[in-house]
Amino acid sequence: MKIRNVVIVFTVMLLVVYVSLISTITATQINQVDVTEINGIVKSIEKDWADGVAKKSGTVGAMSYQIALVGDENYQALLFDGIKNRQTIIDLTEPAADGQLELLGKIIFRAESNEEATIKKRLLISVTITFLIVLMMVYAVLGLVHRSILRPFGVMKEFARKIADGDLEFRLPMDRGNYFGAFTESFDLMREELRKARQGEYQANISKKELVAELSHDIKTPVATIKAICEVLAIKLATVKTADLPALTVARTLTESIEKIAVIDAKADIIDALISNLFHATLEELEMLKINSSEQASTVIMQMFKDIDNFGKIQFKNDLAECLIFCDPLRLSQVIDNIISNSHKYAKTDIDIWFNLDKTEKNLTVKIKDYGVGVDPDECPLVCEKFFRGSGQTVQNTPGSGLGLYLARQFMVGMGGNLRCYNEDGFVVELRIKVV
C-alpha cells in the first residue's frame, strides 16, 4: 500500500473515533432527574412526616432517598457526601405555628447508577481504542517507510560502494512500485554509461598506442634516409680535392651536394609534420605535464638565451641582476625557445631583451621584443589561447599549430609567474618570473 493510501485510511479512522466520542459525550447526561417526579415524592414524604409514619430512608417508585435531619450528628457529613456525588438534595419542611415553613432537614435522592463513572469508563475505552489504532497506524507507516525508503537507500549505498570499487557489472534491482523506482533506473543508466565510457577509454588508449607506434615507425624511415644521405655527403665532400679537379667537376659535386641537402630538408619537413600529428594526438596529456619548480640562479636565463641564439640576432639591452628565482629550468627553457622561435619565424628581425628586477613585488620581468609587424590589436588578447593563430598573411603562410604561446603561458602560471603579450613598435612578450 502506498503512503498516500495509508494516510487516507489513518485519517478516516481517526475521524470515525472522534465522531463516536463526541456522540457518546453528547448523548450522556449526568444525574438526569425528573423534576415533577421529585416534587411529588417530596410532598408525599412531607405528608408522611406530618402524620408520623415517614421513614428516614426508603424508596418511592424508582427513586431512593435518605432524610438528613438538622439535629443529626452526621447532618453535615451527609450533605457533603451528597454534594460530592452530585446527588439531588431537597429541603424537608413543615408548617410552623406562625404559618411559616420550618426547615426540618434535607431529603437526599440517591441515583441508582453512577452516570459519571459510566462516562469515564466509556471515555477510557474510547481513548484506549484510539491509542491502539494510532499505534498500529504508526507502526504500519514506519514499516512502509522502511520497505519503500530506507531499504532502497541501503541498496543504493551498496551500489555506490560497488561502483566506487570499479564493479560496473553490479545491477540495481528494479522495483517500479516504490518511490525510488525512477532513481533506481537513473542510477542503473548511469552505471551503463560509466561502463561504456570505460570501454571507450580502453579502446581510445589502444588506438592511441597504435597511433604512436605507427607514427614512430613512419618517423624512422625519413630519419634513416637523412642519416644515409649525410653519410654520402660526408664521404663525397671528404674525397673532393678542389685543387686537382677541373672547375666543372667541382661545380657538379657542389650541385649534387646542394641537391642532397634539399632532400634532407624535405625529409626534415616530413619529420616535422609527423611529430606535429603525434603532438596533436597526445595534446590532452601535454596539458598534464608536470612542473617541478625550484630555486635557481637568475644567470640560467642568460644561458638559455645564448643557447638558442643561432642567428646572432639577440641583443641584451641591460644587465641581468643576480638573484634567486623560482622556476623549472626545463619548462622555462621551453618557454624562451618558443618565443625566440616565433620571432625568427614571423618577424625575422633583431630581438632585444630587457631585464627588470622589482624587489617590492618580488618579480623578475624579462621583456622580449622583435620589430616585426606585430599582431592585430583585436587579436592580441587571443594569441595565448589554444589553437589560435592570427589572421595576418605572414602567420597564415607559416606552418604552426597555435599552441606554443598557450603552453608557454601554462608553464609560466604553473611556476608562479605570468606571461603577457602586446604590440610596441613590434611584438613584445613579457615574462614575469617569481623571485625567491
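Begin by selecting helix α11 together with strands β10 and β11: α11 lies across both strands and runs at about 140 degrees to β10. The model on display is a predicted one.

**The sheet**

With β10 and β11 they form an open sheet of five strands, in the order β6-β8-β9-β11-β10, with mixed pairing. Which strands lie at the edges? They are β6 and β10, each of which pairs on one side only. Viewed along the sheet, neighbouring strands are turned by 20 degrees against each other on average, direction ignored.

**The largest nonpolar core**

Show side chains and select I301, F305, L332, V366, I368, L419 and L431. These are the residues with the most contacts inside the largest nonpolar core, which has 39 residues. Elements giving two or more residues to this core include the helices α8 (299-308), α9 (329-347) and α11 (404-414). Among the strands that do so are β7 (324-327), β8 (351-358), β9 (363-370), β10 (418-423) and β11 (427-434). The helix at which the tour began, α11, gives the largest share, six residues. Apart from this core lies another, of twelve residues; I41, V42, M63 and L69 are among them.

Centre the view on F305. Leaving aside residues up to four places away in sequence, F305 touches I314, F316, I336, I340, I353, F355, V366 and I368. Is F305 buried or exposed? Its relative accessible area is 1%, so F305 is buried.

The structure holds two aromatic pairs. In one of them, the ring centres of F305 and F316 are 6.0 Å apart and the planes stand at 80 degrees, so the pair is edge-to-face. F305 belongs to helix α8 and F316 to strand β6 (residues 314-316), so this pair ties together parts that are eleven residues apart in sequence. F316 itself is partly exposed, at a relative accessible area of 30%.

Move on to F316 and F355. This aromatic pair is stacked, with 6.1 Å from centre to centre and 15 degrees between the planes. The pair links distant parts of the chain, since F316 lies in strand β6 and F355 in strand β8, 39 residues apart. F355 counts as buried, at 7% relative accessibility.

**Two lysines over rings**

Finally, select K367 and W354. The charged end of K367 sits over the ring of W354, 5.0 Å from the ring centre. Then select K434 and F326: K434 lies over the face of F326, at 5.4 Å from the centre of the ring.

How values were computed. Residues numbered from 1 in each chain as written. Predicted model: local features only at pLDDT ≥ 70, side-chain atom pairs only at ≥ 80, totals over all residues. Heavy atoms only, no water. Core = buried A, V, L, I, M, F, W, Y, C linked by side-chain atoms within 4.5 Å. Buried < 20%, exposed > 50% of the residue type's maximum accessible area, 1.4 Å probe, protein only. Helix = DSSP H or I, 4+ residues; strand = E, 2+ residues; numbered from the N terminus. Contact = heavy atoms within 4.5 Å. Phe/Tyr/Trp six-rings, centres within 6.5 Å; stacked < 30°, edge-to-face > 60°. Lys NZ or Arg CZ within 6 Å of the ring centre and 35° of its normal. Pairing = 2+ DSSP bridges. Axes fitted to C-alpha atoms, helices over the stretch in contact; angles between N-to-C directions.
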